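Visitor: I would like a close look at a single part of this model. Please take it slowly enough that I can follow each contact on screen.

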Amino acid sequence: ISHVLLCNVTQRVSFWFVVTDPSRNHTLPAVEVQSAIRMNRNRINNAFFLNDQTLEFLRIPSTLAPPTDPSVPIWIIIFGVIFCIVLVATMLLIFSGIRQHRRKNKGPSEMEDSEDKCENVITIENGIPCDPLDMKGGHINDAFVTEDERLTPL
Amino acid sequence: MEKTRPLWATPLQFVFACISYAVGLGNVWRFPYLCQMYGGGSFLVPYIIMLVVEGMPLLYLELAVGQRMRQGSIGAWRTVSPYLSGVGVASVVVSFFLCMYYNVVNAWAFWYLFHSFQDPLPWSVCPLNGNRTGYIEECEKASSTQYFWYRKTLNISPSIQESGAVQWEPALCLILAWLVVYLCILRGTESTGKVVYFTALLPYCVLIIYLVRGLTLHGATNGLAYMFTPKMEQLANPKAWINAATQIFFSLGLGFGSLIAFASYNEPSNNCQKHAIIVSIINSSTSIFASIVTFSIYGFKATFNYESCLNKVILLLTNSFDLEDGFLTANNLEQVKDYLASAYPSKYSEVFPQIKNCSLETELETAVQGTGLAFIVYTEAIKNMEVSQLWSVLYFFMLLLLGIGSMLGNTAAILTPLTDSKVISSYLPKEAISGLVCLANCAIGMLFTMEAGSYWFDIFNDYAATLSLLLIVLAETVAVCYLYGLSRFESDLKAMTGRALNWYWKAMWGGVSPLLIISLFIFYLSDYITTGTLRYQAWDAAQ
């Protein structure tokens, strides 16, 4: 350690270097050295445990790693999955609706009018039970419907 | 005999439907902007006053009309007076316009949602240029999130005249968005009633998660302090009051006919007064809640940008003056800059033009609203969080829920009058009418997926509904109070719900609200007239 001489000390660790060719006894041109460094940047960085941000070669711009590009864009896969799910659900709902329509259309030809009206009221009102007054009467008189509704809050 | 009207299974479904309709994207991307522009905490004063004076009465009026007439907007207004069916038709037309352009936002949200499943997020890095030594120039000059929005998502053209072609990726997303909406409205209230449980409740879950995450972010307190420090002088600014009134008005979605449509599926004895108050209070509190989340995210983003700006300056100075690494920190930056300026004046003056002045205030002051806030600012904040994919998925899922919830109301406004009309519903079943409406809207919506589509979107967003809605609601209020008769309406309501009408509502409907609407209308008209040629902001790839 006593034989190490320092000169031109700067606050940063920096140095110039040239590469010599022992067999031909001249220095290699800068362009060749630059292209060699550019290709092997990773190995040089790893040797010093540094990276592109901390080890800088002047006048050699670092090439950036491109983001990985999968063959099929990921978003199309997810889009396809969700699209198919929604499409299937829509078809199911439509077809079950059509089947319900057909069953209702077949109904009136077999049953009595009053029973049919009650059944309509039950299916459409989503399980809210019918007002017992309506079922006993059998026929719903439209003229008095609003009056009945006024009485129910009591 | 006529089929009995489909009803909501429980009154809770009705409340949730109204909430999911009213709480929409405007609460997330317009209210925080207004709050920031008009004095932070002091904006809440005009906002709450307008809520009580304008929002609640008008909301109650629409719900009461719908529940009493038990028909969609066209039929309801025809019952009030045969000369007024035009009001109903106007509501349907405005709703149609709204449906056309609103679902495009859902399409964009789907696009971002699908792209959130990648690592790293595609908007966090700029793509590389040809020889891989740097980034694409457009992306360098703007930021990566802006590049992703303007180039990858919209592929925007430099001006509205150059329409470009329909972009197939947003078009696919638009088709998917309309399919989802169709799926939800397919069966009328039966299917809508179940969907609204999700669209009303899930956004709150996500907002709470984001609130917790947002408040624990580094720098969030900067944003919150900036937002909530009241600037009392803004109270004297008439624009603050006008914007508060406008925000309440449009946020509740009055005048589109959706509220009338929803209320028409109610039991006549439903207590719509209570529901009106609940819905309007929840809508406003959601706005305030969302703005807390937004501002903590703003604060995080501003602090992050401020610190990276400082780091860039430090790096620049360290490199130019060969300083020791770690010598320059944020604390001693100013002193070192002065020292360098005096010690090496020539070299410092060379470097000086490149040194940016980093300021936290300027970062915070970039107030953005609309699609810019949702798709650029938020994504920029999200990409800097840990596990950004999770936050991104949550955020866009929430945007989707909010958007689809509002779409349900908009389509209900169109479909209810159509299914009520005996002419149309005798030929076509409900599913076919819904399908045709969705198909028509989707086809016209392809306009917004073209390269100039975002400019068309801005036009529709700013001008499609504002004046018409003010006029419609004014006509509605005047019609109910003076044409139909306030006392007659009062006795109808009393007979229907069993409760007497409070004097407050009568005073508001009869006097205050129409005056407010007239003044808003006059203000907007004069604003349009004095503005002259309208201008829009364009994105030019060459700059």
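What follows is one request and one connected answer.

Visitor: Take B:Ser434. Which residues does B:Ser434 touch, not counting residues up to four places away in sequence? And is B:Ser434 buried or exposed?

Guide: A caution to begin with: this is a predicted model. The predictor gives the complex an ipTM of 0.78 and a pTM of 0.81. For chain B the mean pLDDT is 86. In that chain, 98% of residues reach 70 or more.

Now the residue. B:Ser434 sits in helix 21 of chain B, which covers residues 430-445. Its relative accessible area is 1%. The cut-off for buried is under 20%, so B:Ser434 counts as buried.

Look at the side chain next. One of its polar atoms lies 2.8 Å from the backbone oxygen of B:Lys430. Beyond the residues up to four places away in sequence, B:Ser434 touches B:Tyr182, B:Ile185, B:Leu186 and B:Leu415.

Step back to the nonpolar cores. The largest holds 175 residues. Within this core, B:Tyr210 and B:Trp509 touch the most other members. Helix 6 of chain B, residues 85-115, gives the most to this core, with 18 residues.

Then turn to chain A. Chain A has 6 helices and 2 strands. Along the sequence the pattern is β-β-α-α-α-α-α-α. Of its 154 residues, 16% count as buried. Take the contacts in chain A between residues at least 6 apart in sequence: 11% join residues at least 24 apart. The accessible surface of chain A comes to about 12,900 Å². Carbon and sulfur atoms account for 61% of that surface.

One stretch of chain A carries a record. An unreviewed UniProt entry lists residues 72-95 of chain A as "transmembrane region". In the model, that span is 92% helix and 0% strand. Its end C-alpha atoms lie 34 Å apart.

Notes. Residues numbered from 1 in each chain as written. Chains lettered and ligands numbered in written order. Predicted model: local features only at pLDDT ≥ 70, side-chain atom pairs only at ≥ 80, totals over all residues. Heavy atoms only, no water. Core = buried A, V, L, I, M, F, W, Y, C linked by side-chain atoms within 4.5 Å. Buried < 20%, exposed > 50% of the residue type's maximum accessible area, 1.4 Å probe, protein only. Helix = DSSP H or I, 4+ residues; strand = E, 2+ residues; numbered from the N terminus. UniProt positions renumbered as here; feature names shortened; annotations may be inferred. pLDDT = per-residue confidence, 0-100. Contact = heavy atoms within 4.5 Å. Areas by Shrake-Rupley, 256 points an atom, 1.4 Å probe, with all protein chains shown as cover. Polar contact = N/O pair within 3.5 Å; in protein donor to acceptor, adjacent residues only side chain to side chain.
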